[in-house]
Amino acid sequence: MHDIRAIREAPEAFDAALARRGLPPQSPAILSIDGDRRAAIQAAEEAQAARNAASKEVGQAKASGNDAEFERLRALVAEKKDEIARLEEEARAKDAELTAILETLPNLPYDSIPDGADEADNVELRRWGTPRDFGFAPKEHYELAGTQDGMDFETAAKLSGSRFVLMSGGVARIHRALAQFMLDLHTSEHGLTEVNGPVLVRPETMYGTGQLPKFAEDSYETTNHWWLIPTSEVTLTNIVGGHVIGEGYLPRRYTAHSLCFRSEAGSAGRDTAGMLRQHQFEKVEMVSVTHPDHSDAELERMTRCAETVLERLNLPYRTVVLCAGDMGFGARRTHDIEVWLPGQNTYREISSCSTCGDFQARRMNARFRPEGGGKPEFVHTLNGSGLAVGRTLIAVLENGQEEDGSVTLPEALVPWLGGKTRLTAEGVLA
């Protein structure tokens with residue numbers, strides 16, 4: 001959510017920042033509504049003052065026996081009461097109109113973010129690892145002999161429809177091991193606190209991180225108006241929602257492994273083969289809640305946490321900074337980490353790490369009290385995948401594949417696989 005005071009102070013800068021996201025000027029409409037709202041509030045306050053003054057004079061007129069003045073003042077009090085109610089209702093309506101605009105406008109990109117309209121304009125920051133020279137034509141994950149029995153799309157489609165998968169045997173074990181490996185790494189080496197939270201949340205929880213109202217079609221709502229989370233960012237970030245916490249409590253760093261649900265609205269025809277884009281998937285999420293002065297450094301830290309997972313698994317990747325037109329709704333700066341998928345001969349996103357500034361905190365009313373005293377300030381929030389488990393499974397299978405369809409597994413994962421080092425062409429861990 002945007003600070004209306006900041007828009008009043010610098011409307012041209014606000015519109016210029018939104019223009020970088022491809023939006024037309026918004027400040028004229030916003031300031032017009034805000035002006036009407038403030039005028040109604042001021043008029044209501046003036047009417048209240050007049051009513052209070054008349055109320056005091058009513059008693060004096062009654063005591064002096066001036067019946068005419070008494071009746072006039074009593075009528076004035078009643079008139080002002082109706083006027084105040086009308087003006088307060090007008091102010092509430094204008095406030096709701098203003099909120100309806102502000103809550104659908106994306107966050108403002110940092111000045112340092114590159115200009116651009118889509119992923120073609122993103123800027124590469126660095127690369128790690130060298131894609132393997134296979135000596136044969138590498139296959140996609142679902143084409144490997146070792147995954148044919150353990151990755152069942154046909155049965156999943158019978159159970160649930162398209163974009164679901166039924167994993168079993170060695171494939172399911174590798175998937176589980178990856179999630180456990182990520183959680184253990186983040187909690188034991190990166191200092192994150194593990195959380196096991198709900199995947200069904202209230203509408204206001206989705207609102208707090210920006211999924212509602214603008215992106216309702218991207219998620220699933222139950223008949224009793226709970227929502228299935230698209231990511232545990234929703235649950236973790238809202239832990240501090242509605243609280244004023246001490247500055248010494250910051251930073252808070254959380255991680256969670258959860259099911260995630262996305263309708264993938266508007267993505268028809270994209271990545272329909274295999275596990276790359278599913279309605280139900282698992283992710284290990286990272287969330288940080290920080291002091292405003294430290295959020296930029298925290299983004300670098302979070303990005304390194306995600307990159308470390310890939311380095312430990314020996315998976316080549318590249319890190320890019322998203323251009324203004326490609327960033328998500330709540331982000332001010334985003335680092336995408338893209339893993340090398342030899343079956344597609346390209347890098348594909350496996351993590352997005354974003355700093356949101358106080359954008360989500362304003363929606364959640366999450367603040368901290370400075371240690372030196374003073375009024376509470378909004379915290380800054382960050383989120384990032386550490387990592388998407390299914391996509392990491394894809395990368396492990398494709399990068400470790402052998403010509404016979406078996407897979408050599410990353411050495412770092414072996415302790416979580418009971419000492420197994422390979423997925424055979426028959427789909428068995430060995």
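**Exercise 1. Leaving aside its neighbours within four places in sequence, which residues is Asn122 in contact with?**

Keep in mind that this is a predicted model.

Step 1. Find the residue: Asn122 sits in the loop between α4 (67-102) and β1.

Step 2. List its partners. Beyond its neighbours within four places in sequence, Asn122 is in contact with Val320, Val321, Leu322, Cys323 and Asp326.

Step 3. Look at one of these partners in detail. The side chain of Asn122 comes to 2.8 Å from the backbone nitrogen of Cys323.

Step 4. Classify its accessibility. Buried means under 20% relative accessible area. Asn122 has 18% relative accessibility, so Asn122 counts as buried.

**Exercise 2. Describe the overall build of the protein chain.**

Step 1. Begin with the secondary structure, which comes to 11 helices and 18 strands.

Step 2. Check the dimensions. Along the principal axes, the C-alpha atoms fill a box of roughly 105 × 45 × 40 Å.

Step 3. Turn to burial and surface. Of the 430 residues, 47% count as buried. The chain exposes about 19,900 Å², and carbon and sulfur atoms supply 48% of that area.

Step 4. Finish with contacts. Among those with a separation of 6 or more, 72% come from residues 24 or more positions apart.

**Exercise 3. How many aromatic pairs does a search of the whole structure find? Work through some of them.**

Step 1. The search gives 6 aromatic pairs.

Step 2. Take Trp128 and Tyr317, whose ring centres are 5.9 Å apart with 15° between the planes. Planes under 30 degrees apart count as stacked, and this pair is stacked.

Step 3. Trp128 belongs to strand β1 (residues 123-128) and Tyr317 to strand β11 (residues 317-321), so the pair links distant parts of the chain, 189 residues apart.

Step 4. Trp128 counts as partly exposed because its relative accessibility is 27%. Tyr317, with a relative accessible area of 2%, is buried.

Step 5. Now try Trp340 and Tyr347. They form an edge-to-face pair, 5.0 Å centre to centre with 65° between the planes. Both Trp340 and Tyr347 are buried.

Step 6. Look for a cluster: ring pairs link Phe215, Phe329 and Phe359.

Step 7. Lys214 lies over the face of Phe215, 6.0 Å from the ring centre. Arg363 lies over the face of Tyr207, at 4.3 Å from the ring centre.

**Exercise 4. Where are the cis peptide bonds that join Leu212 to Pro213 and Gly386 to Leu387?**

Step 1. For the bond between Leu212 and Pro213, omega is about 5°. Pro213 is in the loop between α7 (203-208) and β6 (220-221).

Step 2. For the bond between Gly386 and Leu387, omega is about 20°. Leu387 is part of strand β16 (residues 380-388).

**Exercise 5. Examine the positive phi angles of Arg163 and His225.**

Step 1. Arg163 is not a glycine, yet its phi is positive, about 65°. Arg163 is in the loop between α5 (153-159) and β3 (166-167).

Step 2. His225, also a residue other than glycine, has a positive phi near 70°. Its place is the loop between β6 and β7 (227-228).

Step 3. Decide for each: buried or partly exposed? Arg163 counts as buried because its relative accessibility is 13%. His225 has a relative accessible area of 49% and is therefore partly exposed.

**Exercise 6. Why is helix α11 described as largely enclosed by the rest of the structure?**

Step 1. Count the buried residues. Helix α11 (residues 389-399) has 11 of its 11 residues buried, which means that the rest of the structure largely encloses the helix.

Step 2. Name a few of them. The buried residues include Arg391, Ala395 and Glu398.

Step 3. Relate Ala395 to another site: its C-alpha atom is 27 Å from that of Gly325, and the two are 70 residues apart along the chain.

Step 4. Look at Gly325 itself. Gly325 lies in the loop between β11 and β12 (333-341), and its relative accessible area of 29% makes it partly exposed. Apart from neighbours within four places in sequence, Gly325 is in contact with Arg20, Gly116 and Ala117.

Note on methods: Residues are numbered from 1 along each chain as its sequence is written. This is a predicted model: local features need pLDDT of at least 70, side-chain atom pairs count only at pLDDT 80 or more; totals for chains, interfaces and linings use all residues. Side-chain values use heavy atoms; hydrogens and water are left out. Rings of Phe, Tyr and Trp (its six-membered ring) pair if their centres lie within 6.5 Å; planes under 30 degrees apart count as stacked, over 60 as edge-to-face and the rest as tilted. Helices (H or I, at least four residues) and strands (E, at least two) are DSSP runs, numbered from the N terminus. Buried means under 20% relative accessible area, exposed over 50%, partly exposed in between (1.4 Å probe, protein chains only). A charge sits over a ring if NZ of Lys or CZ of Arg is within 6 Å of the ring centre and within 35 degrees of the ring normal. Contact means heavy atoms within 4.5 Å. Accessible areas come from the Shrake-Rupley method with a 1.4 Å probe; for residues, only the protein chains shown count as cover. A polar contact is a pair of N or O atoms within 3.5 Å; within protein, one must be able to donate a hydrogen and the other to accept it, and residues adjacent in sequence count only if both atoms are side-chain atoms.
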